[in-house]
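Reader: Could you take me through this structure step by step? I would like to begin with contacts between charged side chains.

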Amino acid sequence: VHVGAVNDIVPHTLPSGQAVVLTSGADHTLAVLEPRMGLQPLHTMREHKDFVYSLSAVGGHVLSGGGDGMLLVHDIESGALRYGLGANQAAVRVIHADRARLVCAGDDGSVICYTFGEPPSRAASRGSDRAPSASRQQRGAQAMQPRALEHKQPVEAAPTSSAQAYAEKKRAAMERAEQLRQERKASGAGQLRAQLAGGSGFAAVV
């Protein structure tokens, strides 16, 4: 199925009830496999330009995160690419998706969260006035389009522990003690040289 490493495996059941297995690999591809046919490939998607590290599936779509920060959305039944998102400045390592949200995290230390479709409050206010889509396939593709960026928060460094703070203070104290010792040593040597230069206390023997 893949040339090289297999990076992620996700079992999924389509809305039609069909079970599939989704895989991604270091060969820049993801595959849709049919478990009832000995895991024969139904589709192989080759649109990624880097390793495909992470997968998630919701409804009839598979979401895949690449090493170049791109997240692609494919239709599982047809294998067609629907759209792509810039989800990270580096590799996309984790994806979670349900019918309301898409959450991605990656090597740049950030987490980004999208919502799918209209916000619930806005959709409720529109009620039955909303015009129907032309087809079920178009309606599904529109619902999967992320509409708004909700959150992007860099991961902050962990605070310094009390043990680390104590070790830092001890290191600084030891460095200061060594500095004082060197200063005293240099001062004593200077005084000795001055005494020898003045010939203090020694008389010549005749």
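**Salt bridges and strands**

Author: In this predicted model, Arg-181 and Glu-178 form a salt bridge, with their closest N and O atoms 2.8 Å apart.

Reader: Where do Arg-181 and Glu-178 lie?

Author: Both lie in helix α3 (residues 162-198), three residues apart, which is about one turn of the helix. Arg-181 is partly exposed, at 44% relative accessibility, and Glu-178 is partly exposed as well, at 35%.

Reader: How many salt bridges does the structure hold?

Author: The structure holds four. Among them is the one between Glu-34 and Arg-36, at 3.2 Å from N to O.

Reader: Is Glu-34 buried or exposed?

Author: Glu-34 counts as buried because its relative accessibility is 3%, under the 20% cut-off. Arg-36, in contrast, is exposed, with a relative accessible area of 68%.

Reader: And which residue forms a salt bridge with Arg-82?

Author: That residue is Asp-75, and the closest N and O atoms are 3.4 Å apart. Asp-75 is buried, at 12% relative accessible area, while Arg-82 is partly exposed, at 28%.

Reader: Let us turn to the strands. How do β7 and β8 pair?

Author: Strands β7 and β8 (residues 81-86) pair in the antiparallel sense over five bridges. Leu-71 stands opposite Leu-85 in β8. Five residues separate the strands in this hairpin, where Gly-79 takes a positive phi near 80°.

Reader: What about Gly-67: where does it lie?

Author: Gly-67 lies in the loop between β6 (61-66) and β7 (70-75). Gly-67 and Ala-91 are 24 residues apart in sequence, yet 3.8 Å apart in space, C-alpha to C-alpha.

Note on methods:
Residues numbered from 1 in each chain as written. Predicted model: local features only at pLDDT ≥ 70, side-chain atom pairs only at ≥ 80, totals over all residues. Heavy atoms only, no water. Helix = DSSP H or I, 4+ residues; strand = E, 2+ residues; numbered from the N terminus. Pairing = 2+ DSSP bridges. Salt bridge = Lys/Arg side-chain N within 4 Å of Asp/Glu carboxyl O. Buried < 20%, exposed > 50% of the residue type's maximum accessible area, 1.4 Å probe, protein only.
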